[in-house]
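Reader: Could you take me through this model and tell me what stands behind each label you use?
Author: Gladly; here it is.

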Amino acid sequence: MSRLLLVSDAWHPQINGVVRTLERTLEELETFGVACETLTPADYKTIPCPTYPEIRLALATPWSVYGRLRDSGAELIHIATEGPLGVLARRWCVRNGVRFTTSYHTRFPEYVAARIPVPLDWTYAWMRYFHGAAAACMVATPTLERDLAARGFTNLVRWNRGVDHSLFNPDHRRVLDLPRPIFGYVGRVAIEKNLSAFLELDLPGSKVVVGDGPAVADLQRRFPDVVFTGAKVGRELAEHFTSLDVFVFPSLTDTFGNVVIEALASGVPVAAFPVMGPIDVIGDSRTGVLDNDLRKAALAALEIPRSRCRAYALGFSWEASARNFLENMLAAIGHELPDLPLRAAAE
């Protein structure tokens with residue numbers, strides 16, 4: 001039906017919600033008949049990102065990126081990130097009058113401000129410039145859409161998210177042999193995730209952090225009683241989710257939080273602050289507790305039935321997410337989406 005070129009500075013071996021979202025979207029688009037190609041750091045030599053060495057930045061020359069874009073034959077070009085590859089791809093599209101879309105995955109200005117003293121207004125001005133050239137900028141939630149609109153972004157469209165119901169489910173064995181209840185976090189271990197707000201809480205049972213990142217060593221030193229498992233993937237990751245009694249999500253900067261619906265699909269209730277991401281995902285579903293007192297939220301979440309969490313998570317699917325993405329792309333270039341029946345959701 002169409003050819004798509006996805007340009008992203010976030011890619012394997014990174015383990016995060018952006019990479020998972022893009023990977024699953026491409027898989028689903030292929031089932032719709034879309035031929036997908038990627039332009040990522042995997043195609044180039046890379047260097048570590050300053051202050052975050054796990055992220056690799058592509059050493060790409062402009063002409064190599066321009067050549068890939070020119071020769072791809074893609075009718076659809078989506079630029080997923082604002083990194084070196086994204087900047088070069090945007091420049092080529094603008095210069096050649098090629099319509100493209102972008103997506104706003106990360107609150108990049110807040111992440112930068114957490115590391116170096118750059119005013120938010122400066123970074124948001126650059127982000128507004130970057131995404132303003134796109135035919136559409138895709139955002140995950142109503143709260144993020146309102147926030148960016150208030151900052152002067154004008155071309156916003158909604159792109160929902162999904163979860164793998166078969167991988168993340170309550171039937172996996174519990175692999176954590178620790179005193180219960182087990183309160184846990186899963187995801188990148190970095191300063192912007194605000195993990196201290198969780199690890200400092202006076203809670204019964206055990207605390208677990210599943211993931212890796214630049215803040216691991218510091219947090220292990222500061223919180224020696226916390227179990228740090230390192231990064232997990234696939235079934236092993238799913239088993240760690242299922243082992244938790246409450247998933248604690250202390251981030252104040254996430255735009256969505258894929259790990260939140262992965263926890264819910266695993267039958268695990270959520271405790272979080274009432275901020276962007278959790279407000280939109282949890283809403284009034286009664287599958288989590290949102291409170292500025294995170295300890296109160298974590299303890300109250302213990303009372304939430306795991307079956308309720310699972311049932312709610314079944315409403316999020318990667319198939320519907322990819323369909324939404326494709327609708328946005330085709331609308332942006334003036335095409336309509338053919339009738340594509342949805343497959344039945346997993347039980």
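What follows is a set of questions about the labels, each answered with a value and its cut-off.

Author: A word on the ground rules: this is a predicted model, where local features need pLDDT of at least 70 and side-chain atom pairs count only at pLDDT 80 or more, while totals for chains, interfaces and linings use all residues. Residues are numbered from 1 along each chain as its sequence is written, and side-chain values use heavy atoms, with hydrogens and water left out.

Reader: How do you know that C93 and C137 form no disulfide?
Author: A disulfide is a pair of cysteine sulfur atoms within 2.5 Å. The closest cysteine sulfur to that of C93 belongs to C137 and is 14 Å away, so it is too far for a bond. A search of the whole structure finds 0 disulfides.

Reader: What makes C93 and C137 count as buried?
Author: Buried means under 20% relative accessible area, exposed means over 50%, and partly exposed lies in between (1.4 Å probe, protein chains only). C93 has a relative accessible area of 0%, and C137 also comes out at 0%, so both are buried.

Reader: Why is the pair of Y312 and F316 called edge-to-face?
Author: Rings of Phe, Tyr and Trp (its six-membered ring) pair if their centres lie within 6.5 Å; planes under 30 degrees apart are stacked, over 60 edge-to-face, and the rest tilted. For Y312 and F316 the centres are 5.5 Å apart and the planes at 80 degrees, so the edge-to-face label applies. Y312 is partly exposed at 27% relative accessibility, whereas F316 is buried at 16%. The structure holds 8 aromatic pairs, and ring pairs link F168, Y185, F241, F247 and F249 into a cluster.

Reader: What makes you say that the charged end of R151 sits over the ring of Y124?
Author: The rule asks for NZ of Lys or CZ of Arg within 6 Å of the ring centre and within 35 degrees of the ring normal. R151 is 4.0 Å from the centre of the Y124 ring. R90 lies over the face of Y129 in this sense too, at 4.1 Å from the ring centre.

Reader: Which residues does R128 touch, leaving out those up to four places away in sequence?
Author: Contact means heavy atoms within 4.5 Å, and R128 touches R151, G152 and F153. R128 is found in helix α5 (residues 120-132); helices (H or I, at least four residues) and strands (E, at least two) are DSSP runs, numbered from the N terminus. The C-alpha atoms of R128 and R151 are separated by 8.2 Å, though the two are 23 residues apart along the chain. R128 is partly exposed, because its relative accessibility is 32%.

Reader: How do you know that β7 and β8 pair?
Author: Two strands pair if DSSP finds at least two bridges between them. Strand β7 (residues 136-139) is joined to β8 by 3 bridges, and the two run parallel. M138 has V157 in β8 as its bridge partner. Both strands belong to an open sheet of 6 strands in the order β2-β1-β5-β6-β7-β8, with parallel pairing.

Reader: What makes β2 and β8 the edge strands?
Author: β2 (34-39) and β8 (156-158) each pair on one side only. Helix α6 (residues 142-150) lies across β7 and β8, at about 175 degrees to β8. Axes here are lines fitted to C-alpha atoms, for helices over the stretch in contact, and angles run from 0 to 180 degrees between N-to-C directions.

Reader: Why is helix α9 described as largely enclosed?
Author: 7 of the 10 residues of α9 (residues 234-243) are buried, so the rest of the structure largely encloses the helix. Among them are L237, H240 and F241. The buried residues of α9 pack against several elements, including β9, β12 and α10 (258-265).

Reader: What makes you say that both faces of β12 are covered?
Author: In a regular strand the side chains alternate between the two faces of the sheet. In β12 (residues 246-249), V246 and V248 on one side and F247 and F249 on the other are all buried. β12 pairs in the parallel sense with β9 (residues 182-186) over 2 bridges, and with β13 (residues 270-272) over 3 bridges.
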